[in-house]
Amino acid sequence: MAKFPSVAWFDAVRDIYNTDDELRGAGSGTCNCTLGVQVGREFFQLTFEGFECSAAEKITKGKLDDCDFYLHMPAKDWRTMLSNIRQNGHATYNQTLNTLDLDRPEGLSTSTHNDQYREDMFFRYNQTLQFFFNASARINTTY
Amino acid sequence: MASKRDAKRVRPALTLSKEDLEVEVPEPRLNWMNQWREWGVRVKPGPKGLTLGSLNVGIYGEIPTQWLDRSRNPRGAIGATGTPPVAIQLRDKVDLWAPCAADLYEEAIQRRWAPATDVDWSQLHPLPDDIERAICQVCTELCQYAIIDVELITSWQHQMAYGYHEVKQFLATTSLDATRRHEAFRKRALSNGGGLGYEGPCQVSRLLLESRGGWTETVTGLVLIRGLFTQVMIRYLNRFAYSGVERKIYECVTQDLARLLTYGLEHLKFALAHAPDKLGSIASTLFIGFRSLSRDLRDPVLREALAIIFGGGIAGARTEGMYVVYEMLDEFAAEFMQASKYLRLPVTEEQLPTILRKDTRKMPGDE
């Protein structure tokens with residue numbers, strides 16, 4: 001059982017993601033980016049290297065500058081997404097990263113630097129990122 | 001130095017006849033063996049493996065601003081003399097380069113997928129006739145876009161100098177991506193009781209295929225108009241997918257298209273930074289491109305098919321469905337403006353065609 005959001009929660013998801021070969025093929029594969037996650041007023045950084053998510057750490061808002069892009073939502077919206085994943089084994093319909101990015105007026109993925117090359121990694125690695133969050137279906141999450 | 005193990009690999013001596021032995025064999029000259037521009041290179045794999053970009057060391061990493069060699073000489077090799085020149089049109093780095101090409105090539109190779117086996121086709125289920133027909137119509141047009149991409153990209157590849165092999169190799173992956181796109185959408189159209197529909201009006205396609213002036217201008221149309229529009233459409237189709245089959249295809253295609261868009265944007269950025277006078281031809285291409293896109297969008301077939309998909313059938317197409325189509329066009333306009341800002345193109349929203357502007361948009365059939 002791990003509390004979201006926390007480094008322990010991201011580490012628990014990383015453990016599943018890094019050891020499941022099924023999450024590495026079929027359009028996924030290697031991924032090299034630094035992803036920021038904003039949950040309300042808390043900030044985290046995930047490092048993806050090759051086939052693994054190699055690190056998760058808590059960061060300050062200022063460190064978002066180092067992220068290629070970051071996903072931002074209020075805590076209640078993250079909870080809705082993760083509950084949907086837990087219930088279905090994967091994100092469905094209006095709770096996929098793609099749909100959330102389209103549906104939310106402020107989008108889901110953004111950056112502090114406006115470097116489109118780095119921002120577009122959200123689309124280039126979308127399958128990997130979705131697989132990563134889908135892996136959270138296999139852990140008991142508390143809030 | 002050869003090891004004992006290597007020695008075992010040498011083919012055993014042939015048993016030669018007396019006649020064979022009498023044939024005079026010249027002594028090998030081996031004078032090619034000491035001819036290298038740089039020898040002793042030992043590139044080591046990094047955390048991402050032995051990547052294409054990591055080979056750019058020493059003279060092999062010298063990427064000139066102009067490639068004068070009109071042969072098929074690989075960069076870093078010693079060119080043959082007296083070779084008839086190859087008709088290579090693009091010999092200036094500014095005409096094709098994007099610094100990310102080698103990385104995108106590796107990404108394309110490593111993140112590949114196969115529609116035959118990576119899509120769980122058993123998840124398909126019968127759909128109402130109007131929705132199935134609409135999906136098949138959209139698949140038909142997406143197949144057509146993919147065919148155009150293949151034809152377009154391959155028609156330029158042989159005109160690119162071998163000195164910029166990173167770009168040529170990456171573009172080869174985009175051709176494969178496009179063929180895979182064609183395969184996936186054709187399979188979807190022909191696997192659930194439907195079939196192929198109407199060919200689209202093709203104004204943008206014609207513009208792209210007839211673009212012979214320069215690769216940079218072709219990329220402008222291919223990426224900022226056709227590519228970006230297709231990407232946004234695929235993302236909306238994903239949002240309203242009717243099965244895991246479609247969702248998987250759209251997710252993978254989004255990634256494939258994103259690499260092409262990234263190359264295009266980074267090439268345009270490089271070109272504008274090193275040849276600011278290209279701004280005029282890029283702006284003209286956009287102007288003509290948007291005019292073509294407007295004509296394509298005024299054709300009701302794609303618009304109505306999308307509205308049926310987004311609205312859950314013919315009944316919902318006129319209200320909810322068409323509203324989402326407009327929202328999709330707004331999203332495309334926003335993405336285009338963001339890309340223009342990134343490239344510092346002097347484009348304002350007022351210059352966009354009326355069909356892409358909320359305040360002026362009127363579509364045939366609007367009240």
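Trainee: How many residues of chain A are in contact with chain B, and how many of chain B with chain A?
Mentor: This is a predicted model, in which local features need pLDDT of at least 70, side-chain atom pairs count only at pLDDT 80 or more, and totals for chains, interfaces and linings use all residues. Residues are numbered from 1 along each chain as its sequence is written, chains are lettered from A and ligands numbered from 1 in the order in which they are written, and side-chain values use heavy atoms, with hydrogens and water left out. With contact taken as heavy atoms within 4.5 Å, the interface joins 27 residues of chain A to 31 residues of chain B.

Trainee: Which residues of chain A lose the most area to chain B?
Mentor: Buried area is the accessible area (1.4 Å probe) that two parts lose on being put together, summed over both, and between chain A and chain B this comes to about 2600 Å², with carbon and sulfur atoms giving 45%. On the side of chain A, three residues together account for 26% of what that side buries, namely Leu102(A), Gln116(A) and Arg124(A).

Trainee: What is the count of salt bridges between chain A and chain B?
Mentor: A salt bridge here is a side-chain nitrogen of Lys or Arg within 4 Å of a carboxyl oxygen of Asp or Glu. Asp103(A) forms one with Arg239(B), where the closest N and O atoms are 2.4 Å apart. Between the two chains the count is three.

Trainee: Which residues touch the most other members of the largest nonpolar core?
Mentor: A nonpolar core is a set of buried Ala, Val, Leu, Ile, Met, Phe, Trp, Tyr and Cys residues joined through side-chain atoms within 4.5 Å, where buried means under 20% relative accessible area, computed with a 1.4 Å probe on protein chains only. The largest such core has 141 residues, and those touching the most other members are Phe10(A), Phe48(A), Trp215(B), Phe229(B), Tyr263(B) and Phe310(B).

Trainee: Which residues does Trp215(B) touch, not counting residues up to four places away in sequence?
Mentor: Trp215(B) is one of the core residues that touch the most other members. With that sequence exclusion, the residues it touches are Leu90(B), Asp95(B), Leu96(B), Ile153(B), Trp156(B), Met160(B), Leu171(B), Leu222(B), Tyr263(B) and His267(B).

Trainee: How many helices and strands are there in chain B?
Mentor: Of the 367 residues of chain B, 50% count as buried, and the C-alpha trace spans about 90 × 50 × 40 Å along its principal axes. Taking helices (H or I, at least four residues) and strands (E, at least two) as DSSP runs, chain B has twelve helices and zero strands.
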